[in-house]
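At each stop you will hear what to select and what to look for.

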Amino acid sequence: MEQRLSLITLGVADLARSRDFYRQLGWQGQEVEHTVFFQAGGLAVVLWSRQSLAEDAGVEDRAAGGFAGVALAHNVRERAEVDHLMAAAAQAGAVVTQPARDTSYGGYAGYFTDPDGHLWEIAWNPGFPIAADGTITVPDFGAT
């Protein structure tokens, strides 16, 4: 398998509510057959009903709530962008779970959950420069 992601699909309880939340954050997408597609750099973030996603994957929907063991991260170019985006997310209806603070790696980051409890980190990490197209390259940590 090639080392890449193509789509991240978020199971949502209310498609319109989630679509509106992400639009308030400035995301532009297309709604097609009860699914919303947002181009996000070289991959897409997709909103689809939790029930449909669970059925499609052949698993039981255990309902939202609690930590799912996954966090999505949006890295920014400047430290001040973290505070700006955290405030915009809260204004759009996000729940801030960890206010922005200095990190152990010399950066600055905070966390929020979207209306369905999907965890997002907004981070400024001086060790992960962001290219003009928005991509990051994992630095060489010298690890084997």
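A residue is called buried if its relative accessible area is under 20%, exposed if over 50%, and partly exposed in between (1.4 Å probe, protein chains only). This is a predicted model, in which local features need pLDDT of at least 70 and side-chain atom pairs count only at pLDDT 80 or more, while totals for chains, interfaces and linings use all residues. Residues are numbered from 1 along each chain as its sequence is written, and side-chain values use heavy atoms, leaving out hydrogens and water.

**Stop one: aromatic rings**

Select Y22 and F38: both are buried. A pair of aromatic rings is described by the distance of the centres and the angle of the planes. Rings of Phe, Tyr and Trp (its six-membered ring) pair if their centres lie within 6.5 Å; planes under 30 degrees apart count as stacked, over 60 as edge-to-face and the rest as tilted. By this rule there are eight aromatic pairs. Y22 and F38 make a tilted one, with 6.0 Å from centre to centre and 50° between the planes. Y22 belongs to helix α1 and F38 to strand β3 (residues 35-40), so this pair ties together parts that are 16 residues apart in sequence. Helices (H or I, at least four residues) and strands (E, at least two) are DSSP runs, numbered from the N terminus.

W27 sits in the loop between α1 and β2, and F38 in strand β3, eleven residues apart.

**Stop two: salt bridges**

A salt bridge here is a side-chain nitrogen of Lys or Arg within 4 Å of a carboxyl oxygen of Asp or Glu. The whole structure holds five of them.

Select D116 and R17, whose side chains meet in a salt bridge at 3.1 Å, N to O. D116 is in the loop between β7 (108-113) and β8 (119-124), and R17 is in helix α1 (residues 15-24), so the bridge ties together parts 99 residues apart in sequence. D116 is buried at 8% relative accessible area, while R17 is partly exposed at 36%.

Next, select R19 and E31, which form a salt bridge at 2.8 Å, N to O. R19 lies in helix α1 and E31 in strand β2 (residues 29-32), so the two connect parts that are twelve residues apart in sequence. R19 counts as buried, at 15%, and E31 as partly exposed, at 42%.

Then move to D61 and R50, with a salt bridge of 2.7 Å, N to O.

**Last stop: a charge over a ring**

Which ring does the charged end of R79 sit over? Select Y108: the charged end of R79 is 3.9 Å from the centre of this ring. A charge sits over a ring if NZ of Lys or CZ of Arg is within 6 Å of the ring centre and within 35 degrees of the ring normal.
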